[in-house]
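Here's a quick tour of one model, from its packing inside to its charged pairs. Have the structure open and follow along.

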Amino acid sequence: MTPADLSLAVLSAVRSAVDGGELAVAVPERVVVERPGPGGAGEWASNVALRLAREAGRPPREVADVLRGRLVDAPGIAGVEVTGPGFLNVTLAGDSVGALVARIGDEGEAYGWGDALRGAGPVAVPEGTELRARVVAEAAGRLVRAQGGSVRGGGAAPVPAGAGRDEAVLGADGSRWALLHPAPHDLAHGAEVLEQRARNPLFRVRYAHARSRGLVAGGAALGIVPGAGPVSGEAARVLTGLLGEQPAVLVAAARKGAPDRLARQLVTLADAFFDFHDSCDVLPRGGEKPGAAHRARLALAEAAGTVLAGGLSLLGISAPDHL
């Protein structure tokens, strides 16, 4: 079960409790699952009971207990615990990391695409002749269509190459990133997007992708084939969590017509990849014999590279294998 699957399972538990007369609330459109905070337990947590408590007219822990009873026997769930004021904490059954990595491998760069916006009506994206508005609108349109939706306003026509005065200096990819990465209320980036160093977020994202591809190539040279499986360690847990959140990030960015949300998530994902990379030997060193742990780590690294490439593609930015 992936985090996206778990989100649907929690939502199903809410709907079941409402249908069964245990809760009198409007079923939310979606339920968010996140890594547990301090004092939490299990692998994933949701604050849905706290969100529904006021409408239900009941304490959050009572709402959480109702949902726990509906969720605990769901396929793919090993256990559910209520903590704090009413958080649902879930432990998944089986190899959740392996399942996620396998899904990313199957879906490739289209991982996280779906039909969340199909039939939901057009999403408004920025309009205007100013270059930044046009680039944001184009990327927002691409995000919306990846979720089966349609756009209203800009985002239909591609931005012509060479349209930006900075493109001759920054290049097409750097120019787009400089316009897309900042939040709408922030100024666009300048020439720092050209710096081949860690403080340049675009460089970090593209280098993380390139490093992932390099690890896969290095593994092939050693006869190691990536194989989805359990991967231990806090850095691996954080990286897996971010990969699992990617479908929800794409939907949220599409709903809001906000490609900057995706851009900043890619930076966070790249940083988590480097933490994972530095925390363990993805490939064997010296005379170490390759094992299942190396295959699983390599598969997780490959999955991270795939998600980074897919995210950059949605922004209209290339993901080279070498930098």
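## Around Phe 276

Let's start with Phe 276, which touches Val 231, Ala 235, Ala 236, Leu 239, Val 282, Arg 297, Leu 300 and Ala 301, leaving aside residues up to four places away in sequence. Contact here means heavy atoms within 4.5 Å.

A word on the ground rules: this is a predicted model, where local features need pLDDT of at least 70, side-chain atom pairs count only at pLDDT 80 or more, and totals for chains, interfaces and linings use all residues. Residues are numbered from 1 along each chain as its sequence is written, and side-chain values use heavy atoms, with hydrogens and water left out.

Leu 300 sits in helix α10 (residues 292–314); helices are DSSP runs of H or I, at least four residues, and strands are runs of E, at least two, numbered from the N terminus. Leu 300 is buried, with a relative accessible area of 0%. The cut-offs: buried is under 20% relative accessible area, exposed is over 50%, and partly exposed is in between (1.4 Å probe, protein chains only).

Among the residues Leu 300 touches, not counting those up to four places away in sequence, are Val 101, Thr 240, Leu 243 and Phe 276. Leu 243 is 57 residues from Leu 300 in sequence, yet their C-alphas are 9.5 Å apart.

## The nonpolar cores

The largest nonpolar core has 57 residues, and Trp 177, Leu 239, Leu 243 and Phe 276 have the most contacts inside it. (Such a core is a set of buried Ala, Val, Leu, Ile, Met, Phe, Trp, Tyr and Cys residues joined through side-chain atoms within 4.5 Å.) The largest share of this core, 11 residues, comes from α10. There's also a second, separate core of 29 residues, including Leu 23, Val 33, Ala 49 and Leu 67.

## Salt bridges

The structure holds 12 salt bridges, each a side-chain nitrogen of Lys or Arg within 4 Å of a carboxyl oxygen of Asp or Glu. Glu 22 pairs with Arg 70, their closest N and O atoms being 2.6 Å apart. That pair links distant parts of the chain, 48 residues apart: Glu 22 is in the loop between α1 (3–19) and β1 (44–46), and Arg 70 is in helix α3 (residues 60–71).

Arg 142 and Glu 138 also meet in a salt bridge, at 3.4 Å, N to O. They're separated by about one helical turn because they sit 4 residues apart in helix α5. Arg 142 is partly exposed at 25% relative accessibility, while Glu 138 is buried at 10%. Salt bridges with shared partners join Glu 138, Arg 142 and Arg 176 into one network.
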